[in-house]
Amino acid sequence: MDYYTNVSQRLRKHERYGHEDCSSCKSCMEEAADAIEELQARLSEIDAFAAEYGIDGKTMLALAKSQIRTTQDNIKLTEAVERLTQERDATIALHKDCAAELDRMRKENTKMKKYIGVKMIMAEPATKGDCYNGFAKLSQEQAQQEGYKVVYTDGYESWSPKDVFEEAYRSVKGCSFGLALEAVKKGKGMRLSAWQPDVVIRVQFPDEHSKMTAPYLYVESRFGRVPWKETMIELFSDAWEIVD
């Protein structure tokens, strides 16, 4: 297109100043004629190509320019999306780092410690409606919520949801060795359900009359009392019973 632009500029110059003294005027006109003929041939090619799609050459050129603008807009949009995606990923990573740091600081600064409790209670299955003594009226769904009525050793009564209760408590018949041992430390006895009824494990704490210097477990039966040594099967059994 630079060639056609140059010819056009030279022709405009002749029109402005005249051709009388221009020795190259004839050659300019010849060049212009050749350029016009070539341009006409190109336009004919464009028209023929456009005709295959049922449109004229001008419309074809307009569509081409529009497509170029659309492509440029798509490139800009793609670049913007990529930039926003990178910013989003960076923000998510920063949020995770901040959350982890906050959690670490909370753990370092907290004064609370973990505890595990073992206590003897009395309980029976009961709905929340059976035990509720509050002033606010319960909905039908709340009143029918399953749980347990709990009575503590001091006589205090409360209600506990089923899942919370069963996670915290085990029956004195059919509990683990660890729970049974905690009860034995508090003066109770423990036994396996398969043993004879008179066979019970208890604890002996040393006193001023003891020859032992550390607590130990002994088995009590109709045959007397002897130190008790557990087996692996007994330790991992969930069939322990707590007795008085």
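Here are some notes on the predicted model above.

1. Ground rules. Residue numbers start from 1 along each chain as its sequence is written, and side-chain values use heavy atoms, with hydrogens and water left out. As this is a predicted model, local features need pLDDT of at least 70 and side-chain atom pairs count only at pLDDT 80 or more, while totals for chains, interfaces and linings use all residues.

2. Overall make-up. The protein has eight helices and nine strands (DSSP runs: H or I of at least four residues for helices, E of at least two for strands, numbered from the N terminus). Out of 244 residues, 18% are buried (under 20% relative accessible area, 1.4 Å probe, protein chains only).

3. The open sheet. Three strands line up as β1-β2-β3 with antiparallel pairing (a pair needs at least two DSSP bridges). At the edges sit β1 (122-127) and β3 (157-161), each pairing on one side only. Strand β2 (residues 146-151) is joined to β3 by five bridges, and K149 has W159 in β3 as its bridge partner.

4. Helix α7. Which residues of α7 (residues 177-185) are buried? They are F177, A180, A183 and V184. These lie on the same side of α7, because they cover an arc of only 125° around the axis (taken from the directions from the helix axis to the C-beta atoms).

5. Around α7. The cover over its buried residues includes β4 (173-175), β5 (189-192), β6 (200-204), β7 (216-221), α8 (232-235) and β9 (240-243); contact here means heavy atoms within 4.5 Å. Just after α7, G187 has a positive phi of about 105°.

Methods: Buried < 20%, exposed > 50% of the residue type's maximum accessible area, 1.4 Å probe, protein only.
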